[in-house]
Amino acid sequence: MQNLQSPHLSGKMVKSQIAKCAEPLPIRWSRQIPQNCVPSTITVKLDPSNRWSVSLRVNDPRNLKLKSVTKQIGIDLGITSLVTTSDGEKIANPKNLKKLHKKLRLAGKSLSRKTKGSNNYQKARLILARIHAKIKDSREDYTHKLTTQIIKENQLIVVEDLAVKNMVKNHNPPPSPPGRGARGVGSDANWGELVRQLEYKAEWYGRQLIKIDRYFPSSKRCSNCGHVVEKLPLNIREWDCPECSSHHDRDINASINILRMGTRVGDRRKGTPTKKAAGLAVSVCGATVRPEGSKSRKAGAKKQKAPNSDARESRAVS
Ligand SMILES: [Zn+2]
């Protein structure tokens with residue numbers, strides 16, 4: 001690794017020497033290593049689609065903190081819309097995924113017709129793996145752009161601390177768009193990764209991320225009068241409050257409640273002196289809003305992991 005040099009241009013093929021390799025490897029760099037940064041770890045991977053990648057871990061001392069802004073946002077993560085914001089904006093999954101999922105189904109069928117171990121089987125397996133890789137890349141790229149935009153535009157970001165798996169496995173998912181299975185939709189919803197990125201980017205850029213308890217009834221509470229309805233099945237996308245007759249879009253109403261809950265938590269935190277105020281990702285265990293007898297206390301507490309603040313990864317694909 002000692003001869004591994006930061007290239008001047010990303011996207012260009014540069015030959016780099018890696019320890020234990022006889023010859024320099026041609027590497028296409030995805031981005032430049034920040035100045036004066038020496039990689040501490042290097043990971044070389046071969047994925048099922050036969051692509052090699054080299055990841056470098058560097059300790060980046062740069063201060064990326066942005067100038068404070070006043071905007072605050074509540075985010076509801078869902079299946080019908082990937083992200084719904086308290087501004088009333090609904091953000092869907094990237095469009096190209098639909099096409100790729102169709103290709104994926106066809107490639108899967110093709111593979112199932114081949115004799116295991118045969119040459120044609122190997123070829124079909126590689127085709128399938130390449131489509132999987134494309135979907136992964138596309139999702140990753142989209143999630144990065146989305147989280148960076150959210151972080152740059154808002155000072156306070158409030159999300160629900162979701163039990164992601166429970167949501168994907170929900171037995172009554174909302175109706176999927178025609179020609180698209182519920183499984184495909186669920187796998188596109190990259191909630192866990194989305195929240196993880198918001199967490200570390202908040203730290204980098206000096207924003208505050210608040211995660212509220214996932215048992216806070218964000219959907220069932222009227223954001224206008226505070227009335228909580230008893231039941232709101234997942235297939236109900238719009239509803240009217242029986243108390244104040246406000247008409248609600250399910251997800252927008254939820255995201256407004258999420259923001260409100262988050263600002264309340266944020267205000268409470270302001271009163272307590274903390275060393276790190278801005279850019280601190282906090283997880284809130286709202287015991288007052290958790291249903292009685294809930295067993296999730298442990299699960300909620302487990303999420304309180306400090307985000308990785310100084311280690312950033314730079315990826316290069318050969
Ligand atoms: Zn109401």
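1. Asn 36 is exposed, with 10 other C-beta atoms within 10 Å. The cut-offs are these: 20 or more other C-beta atoms within 10 Å make a residue buried, 12 or fewer make it exposed, and in between it is partly exposed, with C-beta atoms placed from the backbone. Asn 36 sits in the loop between β2 (25-29) and β3 (39-46). Its phi is near 60 degrees, positive although the residue is not glycine. Strands (E, at least two residues) and helices (H or I, at least four) are DSSP runs, numbered from the N terminus.

2. A word on the source. This is a predicted model, in which local features need pLDDT of at least 70 and side-chain atom pairs count only at pLDDT 80 or more, while totals for chains, interfaces and linings use all residues. Residue numbers start from 1 along each chain as its sequence is written.

3. Asn 50 has a positive phi, near 70 degrees, and is not a glycine. It lies in the loop between β3 and β4 (52-59). Asn 50 counts as exposed, because it has 10 C-beta neighbours inside 10 Å.

4. Ile 42 belongs to strand β3. It is partly exposed, with 14 C-beta neighbours inside 10 Å. Val 58 is 16 residues from Ile 42 in sequence; C-alpha to C-alpha, the two are 9.2 Å apart.

5. Helices α1 (residues 96-112) and α2 (residues 119-153) pack with their axes 9 Å apart, at an angle of about 160 degrees. α1 is therefore roughly antiparallel to α2. Angles over 145 degrees count as roughly antiparallel, under 35 as roughly parallel, 65 to 115 as roughly perpendicular, and the rest as oblique. Axes are lines fitted to C-alpha atoms over the stretch in contact, and angles run from 0 to 180 degrees between N-to-C directions.

6. Residues on the α1 side of this contact include Leu 97, Leu 100, Leu 104 and Leu 111; on the α2 side they include Ile 127, Leu 128, Ile 131 and Ile 135. Contact means C-beta atoms, placed from the backbone, within 7 Å. The contact residues divide into 10 nonpolar, 4 polar and 3 charged.

7. Helix α5 (residues 191-205) has 15 residues and should span 21 Å at 1.5 Å a residue; its end C-alpha atoms are 21 Å apart, which agrees. The expected span is 1.5 Å times one less than the number of residues. Buried residues of α5 include Trp 191, Leu 194, Leu 198 and Trp 204, with Glu 199, Lys 201 and Glu 203 also among them. Gly 206 follows α5, with a positive phi near 75 degrees.

Technical notes: Two residues are in contact if their C-beta atoms, placed from the backbone, lie within 7 Å. Ala, Val, Leu, Ile, Met, Phe, Trp, Tyr, Cys and Pro count as nonpolar, Asp, Glu, Lys and Arg as charged, and the others, Gly among them, as polar.
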